[in-house]
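Let's take a walk through this model together, with the viewer open beside the text.

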Amino acid sequence: MGFSYAKAKLNTFNALSSFFPKKNVAFGAANNSRFVPNSSTILDSNFSRFSVVPAVGLLGVEGVQRNIHQTCRFLHVTRRFYQARTVSNSLNWSMHVQRLMRFCRRTWVALLFGGSVVCTTICCTRIQRVPYTGRFHLALTENIEDKLGEYQWQEFEKENKGKLLPLSDPRTIRVQSVARKIIAAMNSGLRLGNEFKINGHLGASRDFGDRGAQYFGFKDALTEAGFKHSQKRDRNFIWKPATKHLNQRNWEVYVLNTPEVNASCHLGGRIVVCNGLLDVVDNDAELATIIGHEVGHAVARHIAEGIVRLFLMLSALIALIYALTTHGDSTSKRNVDGLARLQDMFTNFMSRRREAEADYIGLMLTASAGYNPQVAPIVYERKLGGEGGIQSTHPSGIKRAKLLQKPKVMNNALAVYEEVKGGEGVRSFV
């Protein structure tokens, strides 16, 4: 059957030979070229898509006739250089559905993972505005933050069992006294409730708005209570800063009996100051700078924001790793470590920015509490220090001091400090 097929093809070439004289074939052979017939001359062919014509060689058509015994070789060349008609309209809806099912089978894990991330983000987070700075961020809801705070504090107490000084210790009393002034100034500046608690003990802060409205009337209430016109304009936010997590908060302040020079803020309004830090500071103004910084973390909800950011970054990292490793390429698998290092660098970068924001909020809190804000740059530059860098979670002490010494920042803090010392009260920051 294969031989008859080859013979039929050779008859077609015989019909073509009349269009090409021998002198043309000889001319082509002399120039070491190949004989390529025109596709329009092929009449009895079942092939409609003519991509490449097989090379007949230097001998021409008659040479192929003399070499009819090489039929297998000719058939091989024919199958190689011809392709059959393909009908593009043959794809029907069933084939489209099959392709879609194959795509879903390959990507159902990614779709399910992405949908769960989106649903979790919508249900467990809120877009809020940070007090004092006005920055927008994405943070956990207050209920989830409180539950996580209870769990985190239980684990912290287990790790530091017996290291927390009693509340009757003079060092704890000193820290609580400074923290009480800072929190009272914060409640006044954010116009929160009059009462708050520190370790279960009730504290109070001055109320400037309602009391002024009660005695002087609504028109001049803020002016008579000590507010300037520029301070009243600070309250005209379309999107108010988030203060719900601070209203009637039961703050907890502790001293950890360790030589480490450090202080930390935990979820739920818990502040821990290490005993080694108390040996470094010389006066209450320097201690107020550190406590104000930690209260600034609680005001801006940096921990709740960091949890959401970490969740989203890990989700994106897992998706990238899945996309790289599914191909099975060793080069792609080696890039996973690079992605992890890049994620760590970005996390440290964001941590340094949040520390700088807490420095600014703490500066305003210390000025509102009646402490000299010019002490803060000295504390960060000379006593806390730190080299900073890409791998560090905190900026260097020199950089933190420079940020606080900017004219716009320091002049604003000094204005708040002078108002408090002059008896005008704490201006509004909401």
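**A buried arginine and its surroundings**

Arg-400 has a relative accessible area of 7%, so it counts as buried, the cut-off being under 20%. Please keep in mind that the model is a predicted one. Arg-400 sits in helix H16. Which residues does Arg-400 touch, if those up to four places away in sequence are not counted? They are His-293, Glu-355, Asp-359, Tyr-380, His-394 and Pro-395.

His-293 belongs to helix H12, which covers residues 284-300. Is His-293 buried or exposed? Its relative accessibility is 6%, so His-293 is buried. The side chain of His-293 has a polar contact with the side chain of Asp-359, at 2.6 Å. A polar contact also joins the side chain of His-293 to that of His-297, here at 3.0 Å. With neighbours within four places in sequence set aside, the contacts of His-293 are Glu-355, Ala-358, Asp-359, Gly-362, Tyr-380 and Arg-400. Tyr-380, then, is in contact with His-293 and is also touched by Arg-400.

Take H15 (residues 375-384) and H16 (residues 397-404): they pack at about 165°, and their axes are 7 Å apart. Because angles over 145 degrees count as roughly antiparallel, H15 and H16 are roughly antiparallel to each other. The crossing in which H15 passes H16 is left-handed. On the H15 side, Ala-376, Pro-377, Tyr-380 and Glu-381 take part, and they meet Gly-397, Ile-398, Arg-400, Ala-401 and Leu-404 of H16. Sorted by class, this contact of H15 with H16 holds six nonpolar residues, one polar residue and two charged ones.

Now turn to the packing of H12 and H15. How are these two helices oriented relative to each other? The angle between H12 and H15 is about 85°, with 9 Å between their axes. Since 65 to 115 degrees counts as roughly perpendicular, that is how H12 and H15 are arranged. H12 contributes Ala-285, Glu-286, Thr-289, Ile-290 and His-293 to the contact, while H15 contributes Val-375, Ala-376, Val-379, Tyr-380 and Lys-383. By class, the residues in the contact of H12 with H15 are six nonpolar, two polar and two charged.

Gly-370 lies between helix H14 (330-368) and H15. With a relative accessible area of 17%, under the 20% cut-off, Gly-370 is buried. Which residues does Gly-370 touch, leaving out those up to four places away in sequence? They are Tyr-417, Val-420 and Lys-421. The C-alpha atoms of Gly-370 and Glu-419 are 9.2 Å apart, although 49 residues separate the two along the chain.

Finally, zoom out to the whole chain. The chain has 17 helices and seven strands. Of its 430 residues, 40% count as buried. Among contacts with a separation of 6 or more, 68% are between residues 24 or more positions apart.

Note on methods. Residues are numbered from 1 along each chain as its sequence is written. This is a predicted model: local features need pLDDT of at least 70, side-chain atom pairs count only at pLDDT 80 or more; totals for chains, interfaces and linings use all residues. Side-chain values use heavy atoms; hydrogens and water are left out. Helices (H or I, at least four residues) and strands (E, at least two) are DSSP runs, numbered from the N terminus. Buried means under 20% relative accessible area, exposed over 50%, partly exposed in between (1.4 Å probe, protein chains only). A polar contact is a pair of N or O atoms within 3.5 Å; within protein, one must be able to donate a hydrogen and the other to accept it, and residues adjacent in sequence count only if both atoms are side-chain atoms. Contact means heavy atoms within 4.5 Å. Axes are lines fitted to C-alpha atoms, for helices over the stretch in contact, and angles run from 0 to 180 degrees between N-to-C directions. Angles under 35 degrees count as roughly parallel, over 145 as roughly antiparallel, 65 to 115 as roughly perpendicular and the rest as oblique. A crossing is left-handed if the near helix is turned anticlockwise from the far one by less than a right angle, and right-handed if clockwise. Ala, Val, Leu, Ile, Met, Phe, Trp, Tyr, Cys and Pro count as nonpolar, Asp, Glu, Lys and Arg as charged, and the others, Gly among them, as polar.
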